[in-house]
Amino acid sequence: MGSESTGLARLSMSLPADLFRQLDLMVAERGLPSRSQLIAELIRHALTEHGSLMHPEEMFAGTITLVYRSERGRVRHQLSQTQAGYLKEVISSQHVVLEDDQSLEVLLVQGPAARLKELCDAIRRVRGVQQLELVTTTSLLPPLYDQGDEDIQSIGAPS
C-alpha cells in the first residue's frame with residue numbers, strides 16, 4: 001500500500017536470517033538512519049544497471065574511475081588517445097599520482113549506455129590499466145550550450 005501524499009510506498013519482504021543480519025550490519029557500518037535508505041540505494045543502483053543493459057540507447061551520466069601503472073607516460077598517452085575518440089562522452093577528467101608508479105583517474109562522462117560501455121572496453125584494452133569501474137545515473141547534466149540561444153555572448157565580446 002502506498003501513501004500518495006508523501007510519494008512513498010511501503011514494501012514488506014522476507015529475507016534469510018543471515019542476509020538480514022548482514023543488511024543490519026551494513027546499515028550500522030554506514031551510519032544510515034534506516035534499512036529503507038540502504039535498500040532504496042541498492043534498488044536505484046540495480047535499476048540503473050538494468051536500464052543500461054536493456055536500453056543501450058538511453059542517456060546516462062556518470063564516472064569512470066581507473067587505476068593504472070604510469071610506466072613513464074606511455075599509459076597516459078594511450079589513455080589520452082583513447083579518450084580523444086570519445087570527445088562527446090568525456091566531459092572532464094581528474095588525474096592524481098599514487099604511490100608505486102600508479103595513477104588514479106576519474107572521468108566525468110555522459111552519453112548513450114552502449115557508447116559508455118564501448119569507452120570502458122577501449123580503456124580496459126590499454127596495457128597497464130589495473131582497475132576500472134563505471135558508475136552511472138539516469139540524471140543528466142543540463143545542456144551546457146544551446147546553439148540557437150541568441151543571448152549567449154563570448155567572453156570579452158562587446159555587448
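This is a predicted model: local features need pLDDT of at least 70, side-chain atom pairs count only at pLDDT 80 or more; totals for chains, interfaces and linings use all residues.
Which residues of α3 are buried?

**Stop 1: the whole chain**

Start with a cartoon view of everything. Trace the chain from the N terminus and the elements come in the order β-β-α-α-β-α-β-β-α-β. Of the 159 residues, 24% count as buried. Among contacts between residues at least 6 apart in sequence, 63% join residues at least 24 apart.

**Stop 2: the sheet**

Now select β3 (59-69), β4 (90-97), β5 (102-112) and β6 (129-137). These four strands make an open sheet, ordered β4-β5-β3-β6, with antiparallel pairing. β4 and β6 are at the edges with a single partner strand each, so one side of each has no neighbour in the sheet. From one strand to the next, the twist averages 15°.

Zoom in on two of the pairs:

- β3 and β6 run antiparallel and are joined by eight bridges. Select Leu-66 and you will see Leu-132 of β6 opposite.
- β4 and β5 also run antiparallel, with seven bridges between them. Here Ser-93 has Leu-107 in β5 as its bridge partner.

While you are at β4 and β5, look at their hairpin, which has four residues between the strands. Asp-100 in this hairpin takes a positive phi near 55°.

**Stop 3: helix α3**

Time to return to the opening question. Select α3 (74-84) and show Val-75, Leu-79, Thr-82 and Gln-83: these are its buried residues. They cover an arc of only 95° around the axis, which puts them on the same side of α3. What covers the buried residues of α3? Show β3, β4, β5, α4 and β6, which are included in that cover.

Stay with Leu-79 for a moment. Leaving aside neighbours within four places in sequence, Leu-79 is in contact with Leu-66, Tyr-68, Glu-105, Ile-123, Val-126 and Val-129.

**Stop 4: the nonpolar core**

Leu-79 leads us to the largest nonpolar core, which has 19 residues. Which of its residues touch the most other members? Colour Ile-64, Leu-66, Leu-79 and Ile-123 to see them. The elements giving two or more residues to this core are β3, α3, β5, α4 and β6. Of these, α4 gives the most, with six residues.

Next, select α4 itself, residues 113-124. This helix lies across β3, β4, β5 and β6, and runs at about 155° to β5.

**Stop 5: helix α2**

Finish with α2, residues 35-54. How far apart are its end C-alpha atoms? At 1.5 Å a residue, the 20 residues of this helix should span 28 Å, and the end C-alpha atoms are 28 Å apart, which agrees.

Show Leu-38, Thr-48 and Gly-51, the buried residues of α2. Their arc around the axis is only 160°, which puts them on the same side of α2. The cover over these buried residues includes α1 (17-30), β3 and β6.

Notes:
Residues are numbered from 1 along each chain as its sequence is written. Side-chain values use heavy atoms; hydrogens and water are left out. The expected span of a helix is 1.5 Å times one less than its number of residues. Buried means under 20% relative accessible area, exposed over 50%, partly exposed in between (1.4 Å probe, protein chains only). The arc is that of the directions from the helix axis to the C-beta atoms. Contact means heavy atoms within 4.5 Å. Two strands pair if DSSP finds at least two bridges between them. Axes are lines fitted to C-alpha atoms, for helices over the stretch in contact, and angles run from 0 to 180 degrees between N-to-C directions. A nonpolar core is a set of buried Ala, Val, Leu, Ile, Met, Phe, Trp, Tyr and Cys residues joined through side-chain atoms within 4.5 Å.
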